[in-house]
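Student: I am new to this structure. Please show me how to read its features one at a time.

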Amino acid sequence: MKELIENIAKSLADAPSQVRVDEIEGTNSVVLELHVAPEDMGRIIGRKGRVANAMRTLLRVLAAKQGKRVTLEIVESPVAEAAAEEVVAEEVASLEEEVSVEEAAPTEAEVAEEVTIADEEVPLEEEAPVEEAAPTEVEVAEEVPIVEEEVPSEEELIEAPFEEEVGETTGEEAD
Amino acid sequence: MKELIEYVAKSLVDDPSQVRVDEIEGTNSVVLELHVAPEDMGRIIGRKGRVANAMRTLLRVVAAKEAKRITLEIV
């Protein structure tokens, strides 16, 4: 499973050398942490998480064969991680300072959250990679579990033009 | 692109030896024909075509980098 994701991610990324996959194995479940360069995050996650979900779909097939549950997390590469940790540390520090005035003024974290949401809602051009709206580490961490449970992009994908042909084929095969 | 699909398909199927991908190239578009063993068709297409569509999504990213349109057919 690790190899599959590593191979796919390397094919998609602009910086394949920065792709790394860590596999954390439990008894029945596996967590795959996919690390990519910050500038590849958008491409690897895709608009509305479509690419990330495509990888999860493929993983699920492989995991099912082995009778396991698999979780795919997408994380920025270590270099950027260190920088992100600093930012988080700064935010925490500023939060602590502002505890008394918290209600009067929005905290840095709140502002950051709003900015992120605004970024996401900017309609992107069809087929364009989401690089401009490269999601932050925090955002991805939040987004991943939600997306996985609701699986919205898969439903959307089914509405894509090639649905009919595939649907028919699947039906035949299912019989 | 051919290599990516070939790799992914071989990872998923029960019978990797029967996986074959033919690439038909036009000026701006590429058609990939993925051949798999009949008993692997269900797995490679997936329920409601989910797996097939997942592969198409990945292909689209690679194709966008090369400014091409891509069609994946499963045969």
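Student: How should I read the numbering and the model itself?

Tutor: Residues are numbered from 1 along each chain as its sequence is written, and chains are lettered from A and ligands numbered from 1 in the order in which they are written. This is a predicted model, in which local features need pLDDT of at least 70 and side-chain atom pairs count only at pLDDT 80 or more, while totals for chains, interfaces and linings use all residues.

Student: Where in chain A is confidence lowest, and where is it highest?

Tutor: pLDDT is the predictor's confidence in each residue, from 0 to 100. Helices (H or I, at least four residues) and strands (E, at least two) are DSSP runs, numbered from the N terminus. In chain A, helix H8 (residues 163-174) is lowest, with a mean of 42, and strand E2 (residues 29-36) is highest, at 93. The mean for chain A is 67, and 44% of its residues reach 70 or more. Over residues 136-175 of chain A, pLDDT stays under 50.

Student: What is the strand order of the sheet in chain B?

Tutor: Two strands pair if DSSP finds at least two bridges between them. In chain B, 3 strands form an open sheet in the order E1-E2-E3, with mixed pairing. Strands E1 (20-25) and E3 (69-74) of chain B each have a single partner strand, so one side of each lacks a neighbour in the sheet. E1(B) and E2(B) are antiparallel, with 6 bridges, and form a hairpin with 3 residues between them. B:Val21 has B:Leu34 in E2(B) as its bridge partner. E2 (residues 29-35) and E3 of chain B run parallel, joined by 6 bridges, and B:Ser29 stands opposite B:Arg69.

Student: Which residues of helix H1 in chain B are buried?

Tutor: A residue is buried if 20 or more other C-beta atoms, placed from the backbone, lie within 10 Å of its own, exposed if 12 or fewer, and partly exposed in between. An α-helix has 3.6 residues a turn, so residues three or four places apart point the same way. In H1 (residues 2-12) of chain B, the buried ones are B:Leu4, B:Ile5, B:Val8, B:Ala9 and B:Leu12. Seen down the axis of H1(B), these fall within an arc of 120° (taken from the directions from the helix axis to the C-beta atoms), so they line one face of the helix.

Student: How many residues has the largest nonpolar core?

Tutor: A nonpolar core is a set of buried Ala, Val, Leu, Ile, Met, Phe, Trp, Tyr and Cys residues joined through C-beta atoms within 7 Å. The largest has 45 residues, and A:Ile5, A:Ile44, B:Ile5 and B:Leu58 have the most contacts inside it. Helix H3 (residues 50-65) of chain B gives the most to this core, with 7 residues.

Conventions: Two residues are in contact if their C-beta atoms, placed from the backbone, lie within 7 Å.
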